[in-house]
Amino acid sequence: MAKAKKISTDQRLGCESLLGCIFQSWSPRRRKPSLPEKDHKAKGYLAPKSTTMTNPKIIPRKSTDSSTQTKRPDPVKTKPDESDARKSSESARKSSDSARKSLSSASPRIDSKSFSPNGVMGNIIVKPQPAVKSPDVSQTRCRWEGKMVNYRHDPETLKTMGNEEYCRGRFGEALVFYERAISADPKTPTYWSNKSAALISLGRLLEASDACEEALRLNPNYERAHQRLASLQLRLGEVEKALCHYNQAGKYTETKHIEQVEDVIKCLRRCEEARRSKEWNVVLKETCFVISYGADSSPRVYALQTEALLHLQRQEEAYDVYQKATKRLDIDCFIKIFGLSITSYILMVGAQVYIAAGRFEDAVTASRQAARLDPSNVEVNAVARKARAVAAARLTGNLLFNASKFEAACVGYTEGLEQEPCNALLLCNRAASRFKLGLFEKAIEDSTLALNLQPSYRKARRRRADAYSKLEKWQHAIQDYELLVMETPEDEETRRVLADANVRFRKQTSEEFRFKGVGSDLVVVN
């Protein structure tokens with residue numbers, strides 16, 4: 001009986017400990033944790049983990065075992081006074097606070113609204129997630145990247161896929177999806193309009209213009225396509241067409257768009273007036289204004305700027321500007337968009353650029369194309385005649401020079417310069433002929449003129465440096481040789497000639513000047 005009674009007492013104590021844990025977790029203010037005690041005597045016994053603290057004001061429950069129960073003292077004899085009770089309660093409270101602090105320092109309390117460091121909350125284990133930065137849209141992977149795409153989807157699905165690629169900045173991939181949608185359903189204007197948007201982003205404005213026109217052919221009242229085509233026409237310099245489409249764009253047209261087109265129209269009128277009066281500085285300034293107002297891809301505007309630079313003897317800049325204007329020169333497409341007269345003018349300016357650059361065969365080809373498009377244009381026919389005459393003069397002079405007939409070659413180059421006085425190639429070739437004839441001063445004059453037209457013309461600089469060396473003008477020769485070495489450091493021949501010129505220059509200066517003084521007081525006396 002005693003053994004059974006003892007077992008029931010231990011069970012009751014375990015239940016009380018469990019109830020105390022539940023009560024303390026429900027009421028945080030009454031929670032007073034303490035470290036669990038271990039029974040080292042029994043190996044298989046695990047004491048219940050309880051974080052309850054004994055309240056000093058409450059008398060603990062005594063065991064009912066008669067062997068462990070002691071006599072209860074008489075309350076009358078052992079009654080303490082109020083001051084002793086207060087002191088004992090304060091000391092008990094301090095001891096409990098110190099125990100709670102030590103426990104909290106050993107294992108900090110976990111907030112009910114946050115996870116523990118290892119991510120455990122109850123029976124749910126949450127893996128710690130690293131901080132993820134918001135990725136760039138263009139760098140994100142689409143849902144079908146790296147997978148085989150079935151292009152037999154319905155057109156709307158292909159359009160949606162193209163839109164997703166377009167939003168990510170992948171315009172080439174978007175264009176592929178739009179073209180697949182068009183091949184599946186070529187009569188939907190939305191697909192053509194979206195294709196034009198992708199082509200604009202890729203810089204293929206002429207093809208984008210064709211796609212917009214096809215969309216408007218399918219639906220003439222498509223306002224979004226009108227607005228897109230108007231912005232394209234403005235960039236291409238077709239301002240009258242741009243104004244017409246803006247007027248049909250409805251809600252997509254704003255007042256600033258109309259004002260922008262009107263400003264470009266005014267600048268282009270001033271350009272034409274200045275060109276007729278040959279005020280090339282004004283033409284150059286107005287073309288810069290037109291480009292800043294939005295016509296930044298107009299071949300006509302860049303042709304006007306190129307012509308102004310040619311007449312201002314800025315040939316290298318003119319060549320660069322014309323190459324930018326005709327990066328994707330398609331004559332048939334130009335005729336369709338800009339018309340015969342403007343296309344002929346662009347080709348005529350190109351012929352002039354090629355003449356200045358020494359590309360005479362290309363100049364003849366461009367001038368013939370321009371004359372074929374506009375045969376009644378007097379200016380175009382004059383440029384075509386000039387291109388043929390200059391090309392023939394250069395060919396004749398080269399044949400005579402190769403035959404060592406330098407004087408006749410010089411005459412042939414001079415005939416070409418009569419047609420085009422400011423041609424750097426003909427000037428440089430005549431300088432070579434005069435150098436062979438021993439006319440070093442004349443060779444220096446021609447080379448200097450060629451360098452004024454094209455400062456980066458290496459062949460003209462080398463010929464001038466050689467002519468200076470023949471005249472023993474070593475200081476000028478050294479300047480040209482040093483520039484050549486800076487441009488082409490791997491040229492060993494130029495390095496050797498530069499070293500020889502330096503030696504001769506030092507020798508010349510040592511003979512012309514005598515020195516007076518010693519050390520830092522050295523003075524050069526003429």
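Reader: Which residues touch the most other members of the largest nonpolar core?

Author: The model is predicted. Its largest nonpolar core holds 79 residues. Those that touch the most other members are Leu-206, Phe-338, Met-348, Val-349, Phe-360 and Tyr-457.

Reader: What does Val-349 touch, not counting residues up to four places away in sequence?

Author: Val-349 is one of the residues with the most contacts to other members of the core. With residues up to four places away in sequence set aside, Val-349 touches Ala-303, Thr-306, Glu-307 and Tyr-322.

Reader: How many residues make up the other core?

Author: Another core lies apart from the largest one. Among its members are Ala-477, Tyr-481, Val-497 and Ala-501. This core has 14 residues.

Reader: Is Cys-410 buried or exposed?

Author: A residue counts as buried when its relative accessible area is under 20%. The value for Cys-410 is 11%, so Cys-410 is buried.

Reader: How many disulfides are there?

Author: A disulfide needs two cysteine sulfur atoms within 2.5 Å. By this rule the count is zero.

Reader: How many residues apart in sequence are the parts that Lys-336 and Asp-210 tie together?

Author: Lys-336 and Asp-210 form a salt bridge, with their closest N and O atoms 3.6 Å apart. Lys-336 lies in helix H13 (residues 331-338) and Asp-210 in helix H6 (residues 205-218), so the pair ties together parts of the chain. Lys-336 is exposed at 56% relative accessible area, while Asp-210 is partly exposed at 26%. The separation in sequence is 126 residues.

Reader: What is the N to O distance in the salt bridge of Glu-317 and Arg-314?

Author: Glu-317 counts as partly exposed, at 39% relative accessibility. Arg-314 is partly exposed as well, with 33%. Their side chains meet in a salt bridge with an N to O distance of 2.8 Å.

Reader: Which helices are linked by the pair Arg-394 and Glu-361?

Author: The side chains of Arg-394 and Glu-361 meet in a salt bridge of 3.3 Å, N to O. The pair links distant parts of the chain, 33 residues apart. Arg-394 lies in residues 378-402 and Glu-361 in residues 360-373, which are helices H16 and H15.

Reader: How far apart are the end C-alpha atoms of helix H9?

Author: Helix H9 has 22 residues, 255-276. At 1.5 Å a residue it should span 32 Å, which agrees with the distance between its end C-alpha atoms, 33 Å.

Reader: Which helices do the buried residues of H9 pack against?

Author: The buried residues of H9 include Val-261, Val-264, Ile-265, Leu-268 and Arg-275. An α-helix has 3.6 residues a turn, so residues three or four places apart point the same way. The buried residues of H9 pack against helices H7, H8, H10, H11, H14 and H16.

Reader: Which residue just after H9 takes a positive phi?

Author: The phi in question is about 60°. The residue is Lys-278.

Methods. Residues are numbered from 1 along each chain as its sequence is written. This is a predicted model: local features need pLDDT of at least 70, side-chain atom pairs count only at pLDDT 80 or more; totals for chains, interfaces and linings use all residues. Side-chain values use heavy atoms; hydrogens and water are left out. A nonpolar core is a set of buried Ala, Val, Leu, Ile, Met, Phe, Trp, Tyr and Cys residues joined through side-chain atoms within 4.5 Å. Buried means under 20% relative accessible area, exposed over 50%, partly exposed in between (1.4 Å probe, protein chains only). Contact means heavy atoms within 4.5 Å. A salt bridge is a side-chain nitrogen of Lys or Arg within 4 Å of a carboxyl oxygen of Asp or Glu. Helices (H or I, at least four residues) and strands (E, at least two) are DSSP runs, numbered from the N terminus. The expected span of a helix is 1.5 Å times one less than its number of residues.
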